[in-house]
Amino acid sequence: MAIRTIQATDYEKLVSLYKKFFKTHNRFQQSEEEIILYLKKQEHPLFIFEEQGQIRGGLFLVKKTQNPTHSIWKFRHFAFEDDAVASELLTFAEQKIQESPGTNKVELTIAETEDEVDFYQSKGYEREAILKNHYRAGESCFILSKY
């Protein structure tokens, strides 16, 4: 098992995971080539969980604020095969965030149709708000956070 930054040869495997994980996400219903171009254009570090040559999880670690005393972070496109992989990636990302100076907060926006809300809450994330029609009409989104 290794958590590391993505390499050029990893994108096709990651696209397969994202297409499977994000069934209703418009971005990941596009062609493989379009998804790879999108992923490569992102300015934030992309970490993957690799085990025996298979990519089993991935996430972008996004710093939303550039304040030296308090930072707000986000995990973008956090996908995983199972809770064990998710837990390891989450721990890794939170440790990276703790290396940042000052105080830090993670804010996540999770669609109500995603099953991961319970997972995050079991890891200490609290629901702060509900956004109506955030990603799709008729669907709410939860803002979860951890300080």
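Predicted model: local features only at pLDDT ≥ 70, side-chain atom pairs only at ≥ 80, totals over all residues.
Residues are numbered from 1 along each chain as its sequence is written, and side-chain values use heavy atoms, with hydrogens and water left out.

**Aromatic pairs**

I find 13 aromatic pairs in the structure. Rings of Phe, Tyr and Trp (its six-membered ring) pair if their centres lie within 6.5 Å; planes under 30 degrees apart are stacked, over 60 edge-to-face, and the rest tilted.

I opened Phe-21 and Phe-80, a tilted pair at 5.1 Å centre to centre with 55° between the planes. Phe-21 belongs to helix 1 (residues 11-21) and Phe-80 to strand 4 (residues 70-80), so this pair ties together parts 59 residues apart in sequence. Helices (H or I, at least four residues) and strands (E, at least two) are DSSP runs, numbered from the N terminus. Both Phe-21 and Phe-80 are buried; that means under 20% relative accessible area, with exposed over 50% and partly exposed in between (1.4 Å probe, protein chains only).

My next stop was Phe-28 with Tyr-38, an edge-to-face pair at 6.3 Å centre to centre and 75° between the planes. Phe-28 counts as buried because its relative accessibility is 0%, and Tyr-38 is buried with a relative accessible area of 15%.

**Charges over rings**

I then checked for charges over rings (NZ of Lys or CZ of Arg within 6 Å of the ring centre and within 35 degrees of the ring normal). The charged end of Lys-40 sits over the ring of Tyr-11, 5.2 Å from its centre. Arg-127 has its charged end over the ring of Phe-142, 4.6 Å from the centre.

**Pockets**

What is the volume of the largest pocket? I read about 640 Å³. A pocket here is an open set of points on a 1 Å grid over the protein atoms alone, where a 1.4 Å probe fits, with protein on both sides within 12 Å along at least five of seven lines; lining residues have an atom within 4 Å of a point. Of the 23 lining residues, Phe-21, Phe-22, His-25, Glu-114 and Arg-136 are the closest to the centre of the largest pocket. Strand 4 gives the largest share of that lining, five residues.

Notes:
Points joined across faces, edges and corners; volume = space filled by probe spheres on them.
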